[in-house]
Amino acid sequence: MTRPSMRLLLVLFAALSGSSCGPKSKCGPDTAVVSEVIDGDTLVLQDGTKLRLLLVDAPETTKGHHDCYGQQAASFTTSTALGKTVQLAYDDAACLDRYGRTLAYVSVDGVEINTALAQQGLACFLYIAPGGKARSDELKGYVVEAQTNRTGMWGACTSIPCSQ
């Protein structure tokens, strides 16, 4: 094989294999394993990173809280993500929340947990600028649709703490 052909092959291989050696975002890696689910919207990755799902706020189940539909949200996130390799996407405008948790959109097997929680009535919409601005209308729309259709907690709970 000639040198120009070899160079062309190397360039093509690098392009096809996504030759970046590190994370695509300054916020963190693009894949990770979930080692713990704290509640519906908070996970811990295998490396110890605490992760908070962007644009959703699931009813609480920690620190003595037993909010309506909190257990359902936590169970959904647990069954979807625990022990699995997840794909992570970030809004580089805000990598961390005020508690030091990494903010991300989390997907498993083609299902984005943030979106699924909103669509299934397992979470409220929560936008804290600037993280998630680009997708805030989309996620808010899913929550409004779940409210309108009385899906999940919107049809089952008399009091929804995360919506106040």
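1. Arg 52 and Asp 41 are both buried, where buried means under 20% relative accessible area, exposed means over 50%, and partly exposed falls in between, using a 1.4 Å probe and protein chains only. Their side chains meet in a salt bridge, 3.5 Å from N to O. By salt bridge I mean a side-chain nitrogen of Lys or Arg within 4 Å of a carboxyl oxygen of Asp or Glu. The pair ties together distant parts of the chain: Arg 52 sits in strand β3 and Asp 41 in the loop between β1 and β2 (42-45), eleven residues apart. Helices (H or I, at least four residues) and strands (E, at least two) are DSSP runs numbered from the N terminus.

2. A word on the model before going on. It is a predicted one, so local features need pLDDT of at least 70 and side-chain atom pairs count only at pLDDT 80 or more, while totals for chains, interfaces and linings use all residues. Residues are numbered from 1 along each chain as its sequence is written, and side-chain values use heavy atoms, with hydrogens and water left out.

3. How many salt bridges are there by this rule? The count comes to five. One of them joins the side chains of Arg 101 and Asp 97 at 2.6 Å, N to O, and both of those residues are buried too. Another is formed by Glu 112 and Arg 135, with their closest N and O atoms 2.8 Å apart. That one also links distant parts of the chain, with Glu 112 in strand β7 and Arg 135 in the loop between β8 (124-125) and α4 (136-148), 23 residues apart. Glu 112 is buried, because its relative accessible area is 16%. Salt bridges with shared partners also join Asp 41, Arg 52 and Asp 57 into one network.

4. Now have a look at the largest pocket, which holds about 690 Å³ of space. Of its 26 lining residues, the closest to the centre are Thr 42, Arg 52, Asp 97, Tyr 99 and Arg 101. A pocket here is an open set of points on a 1 Å grid over the protein atoms alone, where a 1.4 Å probe fits and protein lies on both sides within 12 Å along at least five of seven lines; lining residues have an atom within 4 Å of a point. Grid points are joined across faces, edges and corners, and the volume is the space filled by probe spheres set on them.

5. Which elements give two or more residues to that lining? They are β1 (31-39) and β3, and β3 provides the largest share, three residues. By class, the lining has 13 nonpolar, four polar and nine charged residues.

6. Strand β6 (residues 102-108) deserves a look as well: seven of its seven residues are buried. In a regular strand the side chains alternate between the two faces of the sheet. Both faces of β6 are covered, with Thr 102, Ala 104, Val 106 and Val 108 on one side and Leu 103, Tyr 105 and Ser 107 on the other.

7. As for partners, β6 pairs with β3 (residues 50-53) in the parallel sense over three bridges, and Leu 51 has Thr 102 as its bridge partner. Strands count as paired if DSSP finds at least two bridges between them. With β5 (residues 85-89) the sense is antiparallel, again over three bridges, and there Ala 89 partners Tyr 105.

8. Finally, β6 and β7 (residues 111-112) run antiparallel and are joined by two bridges, with Ser 107 opposite Glu 112. The two strands form a hairpin with two residues between them, and Asp 109 in the turn has a positive phi of about 50°.

How values were computed. Nonpolar A, V, L, I, M, F, W, Y, C, P; charged D, E, K, R; others polar.
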